[in-house]
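Please look through the structure shown here before reading on.

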Amino acid sequence: MLAILTYPDERLKRVSEPVERFEDELRAFLTALEEAMDAGPGGVGIAAPQTGHTQRIVLVDCSKARKPVPNHGRLVLINPELTTWEGMEVGREGCLSVPNYTGNVIRAVRVTLQAQDAQGEAHTYHLEGFEARVVQHEIDHLDGILFLERLVSRRSDLFQRKNYLPSPSKG
Ligand code: NI
């Protein structure tokens with residue numbers, strides 16, 4: 001099982017490298033990453049650098065969200081890039097790498113996303129709401145950014161978890 005790095009591990013600040021080879025090694029890693037996401041309570045997303053692998057790989061699955069939300073099911077996002085952003089809203093986020101806190105973060109409401117799949121094929125996705133938020137959170141991990149850095153105010157936007165329950169969902 002892949003171990004999840006937690007704040008303030010310096011490795012979470014590294015910028016990940018693009019994936020260039022779509023071979024068996026990548027598919028084996030995706031399976032391990034999927035297991036790590038599914039093992040985390042309320043894990044709706046995970047980024048490869050959270051496991052110490054600095055590659056631009058993200059998994060998202062908002063079909064597992066605590067409250068039902070519009071979603072595309074399980075997404076394997078390799079070299080993901082946001083190409084459009086629309087609207088802004090505040091929402092509560094958690095993170096497998098910041099297990100004891102949640103925070104209020106401003107994100108775009110609707111985004112267009114381009115990413116490759118496990119075979120290297122390019123796809124375009126139109127995402128909104130919670131799923132768009134999760135993808136923005138996970139792409140931040142690829143650039144070494146945690147939600148903690150997106151808080152407007154640590155004093156009013158950061159909340160200690162009372163217990164380790166899957167609420168709200170984490171990524
Ligand atoms: Ni996270």
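A residue is called buried when its relative accessible area is under 20%, exposed when it is over 50%, and partly exposed in between, using a 1.4 Å probe and protein chains only. This is a predicted model, in which local features need pLDDT of at least 70 and side-chain atom pairs count only at pLDDT 80 or more, while totals for chains, interfaces and linings use all residues. Residues are numbered from 1 along each chain as its sequence is written, and side-chain values use heavy atoms, with hydrogens and water left out.

Salt bridges come to 14 in total, where a salt bridge is a side-chain nitrogen of Lys or Arg within 4 Å of a carboxyl oxygen of Asp or Glu. Two of them share R74. One joins R74 to D61, at 2.8 Å from N to O. R74 lies in strand 3 and D61 in strand 2 (residues 57-61), so this pair ties together parts that are 13 residues apart in sequence. Helices (H or I, at least four residues) and strands (E, at least two) are DSSP runs, numbered from the N terminus. D61 counts as buried, because its relative accessibility is 5%. Salt bridges with shared partners connect E34, D38, D61, K64 and R74 in one network.

The other salt bridge pairs R74 with D38, and the closest N and O atoms are 2.9 Å apart.

Next come the strands. Two strands pair if DSSP finds at least two bridges between them. Strand 3 runs antiparallel to strand 4 (residues 98-116), and 13 bridges join them. The two strands form a hairpin with two residues between them. Within this pairing, W85 has V111 of strand 4 as its bridge partner. Strand 4 also pairs with strand 5 (residues 122-128), in the antiparallel sense and over seven bridges. T112 is bridged to H126 in strand 5. Five residues separate strand 4 from strand 5 in their hairpin, and G120 in the turn has a positive phi of about 90°. Strand 6 (residues 158-160) is antiparallel to strand 4 as well, with three bridges between them; here Y101 has Q160 as its partner. In a regular strand, side chains alternate between the two faces of the sheet.

How many disulfides does the structure hold? There are zero, a disulfide being a pair of cysteine sulfur atoms within 2.5 Å. For C62, the nearest cysteine sulfur is that of C95, 14 Å away. C62 counts as buried because its relative accessibility is 1%, and C95 is buried at 0%.

The last feature is a pocket. On a 1 Å grid over the protein atoms alone, a pocket is an open set of points where a 1.4 Å probe fits, with protein on both sides within 12 Å along at least five of seven lines; lining residues have an atom within 4 Å of a point. The second largest pocket holds about 210 Å³ of space, the volume being that filled by probe spheres set on the points, which are joined across faces, edges and corners. Its lining includes V19, R21, F29 and H53.
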